[in-house]
Amino acid sequence: MIKAQIEDKELLLHLDSLEEDKLRIFTMADGRVRGALFHGTRFVNQMRAQHKLGILETYILGQACLCSALTIPMMKDLEHTGVLFEGTGSAEGYSVEADSTGYVRGYLLNDKIPLSKPLENWNLKPFLGVGNITFSRIHKDDKFPQRSTVDVDGENIAKDFATYFAQSEQINTAFNSGIQFDKQGRVTGAAAMYIQVMPKTGGTAKLGSQVDSHIEEDSDEEKLLCRVENAFRACPSLGLLYSEKQVDSEDIIIGLFREFKPVITLKRDIKFDCPCKEEDFISYVKHLPKEQLEQIKNDSMQPLEVKCENCGSIYKIPFDKIF
């Protein structure tokens with residue numbers, strides 16, 4: 001990826017004042033619930049700079065990328081996940097990829113969304129519309145990805161992700177994501193969190209593998225999960241929290257879930273990044289049909305400009321590297 005530079009000096013000063021971007025994985029309630037909190041203010045600003053996006057476009061793709069980043073702790077070994085939303089709204093949808101090595105990349109299917117009037121709220125249904133969301137997963141040794149698709153309403157990206165996990169994975173999962181803009185339209189805070197209820201079998205020393213995973217939750221268990229869900233719902237806007245500079249990720253986790261004794265088990269970097277490189281595009285162009293190569297040679301100006309749609313990088317390739 002050719003990294004786009006953020007040139008807004010006031011924004012850069014603000015970013016320097018924030019806690020570092022980091023994903024924190026945690027467990028709680030004796031291992032019955034796991035989750036992750038990702039502070040991604042720099043992450044979203046880098047995504048925006050790569051694609052040169054407006055406010056609405058940044059909000060949609062930023063939410064999708066933040067939620068996709070949260071799938072990385074769920075991955076096993078070397079894994080790559082693609083998330084494709086195809087909707088009936090003017091934004092058409094988005095495509096995002098997350099990799100277990102810690103990078104996320106993606107793009108909007110339409111990055112110039114028409115607006116007939118100023119935004120009144122962040123309901124995305126007019127722009128995404130009713131559609132479907134497809135998760136594609138591929139592990140290191142897989143020949144083909146495993147795909148699953150569910151219908152969603154496109155109103156809220158975090159809820160769409162939760163719908164997918166409830167219907168396709170049959171795992172109770174809640175997502176929350178937020179992006180805060182200042183009056184000038186700068187992204188001043190961005191983060192996302194998920195919690196996921198683990199099956200009883202094999203989860204903890206107390207519960208163990210001797211428990212039948214098909215038995216119904218007992219009354220105490222239902223009350224516990226209800227309290228966890230209520231605590232998650234009590235979380236204020238994550239984007240606003242991180243925009244206020246004084247916030248600390250561990251304080252958010254402990255403050256929300258104190259009664260369930262959360263334990264942060266891992267911290268890791270997540271970047272908006274892309275493994276694309278000039279050599280790959282040169283190879284791709286060289287293997288085009290002969291007629292297309294002749295047309296490029298005769299009709300295109302030097303250098304040939306090739307854009308990576310996943311990260312917005314534009315590679316300027318001299319003809320002598322192709323012909």
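Which residues does F175 touch, not counting residues up to four places away in sequence? F175 touches C67, L70, M74, A158, F161, A162, F165, M193, Y194 and F232. Contact here means heavy atoms within 4.5 Å.

This is a predicted model: local features need pLDDT of at least 70, side-chain atom pairs count only at pLDDT 80 or more, and totals for chains, interfaces and linings use all residues. Residues are numbered from 1 along each chain as its sequence is written, and side-chain values use heavy atoms, with hydrogens and water left out.

**Cores**

F175 belongs to the largest nonpolar core, which has 68 residues. I60, Y94, I133 and F175 have the most contacts inside that core. Helix 3 supplies the largest share, nine residues. A second, separate core has 22 residues, including A29, A191, F232 and F257. A nonpolar core is a set of buried Ala, Val, Leu, Ile, Met, Phe, Trp, Tyr and Cys residues joined through side-chain atoms within 4.5 Å. Buried means under 20% relative accessible area, exposed over 50%, and partly exposed in between (1.4 Å probe, protein chains only). In soluble globular proteins, nonpolar side chains tend to be buried together.

N176 lies in strand 8, residues 173–181. N176 is buried, because its relative accessible area is 17%. Among the residues that N176 touches are A158, A191, M193 and F232.

**Two sheets**

Helices (H or I, at least four residues) and strands (E, at least two) are DSSP runs, numbered from the N terminus. Two strands pair if DSSP finds at least two bridges between them.

Another open sheet has six strands in the order 7-6-3-4-5-11, with mixed pairing. Strand 7 (146–152) and strand 11 (271–272) each have a single partner strand, so one side of each is left without a neighbour in the sheet. A hairpin of six residues joins strand 6 to strand 7.

| Strand pair | Sense | Bridges |
|---|---|---|
| Strand 1 (residues 22–28) and strand 2 (residues 33–39) | antiparallel | seven bridges |
| Strand 3 and strand 6 (residues 131–139) | antiparallel | nine bridges |
| Strand 6 and strand 7 | antiparallel | seven bridges |
| Strand 5 (residues 103–108) and strand 11 | parallel | two bridges |

Some facing residues can be named. K22 stands opposite H39 in strand 2. V83 has F135 of strand 6 as its bridge partner. G131 has V152 of strand 7. V104 stands opposite F272 in strand 11.

**Helix 3**

The axes of helix 3 and helix 5 (residues 157–169) come within 9 Å and cross at roughly 35°. Axes are lines fitted to C-alpha atoms, for helices over the stretch in contact, and angles run from 0 to 180 degrees between N-to-C directions. I60, Q63, A64, C67 and S68 of helix 3 meet I157, A158 and F161 of helix 5.
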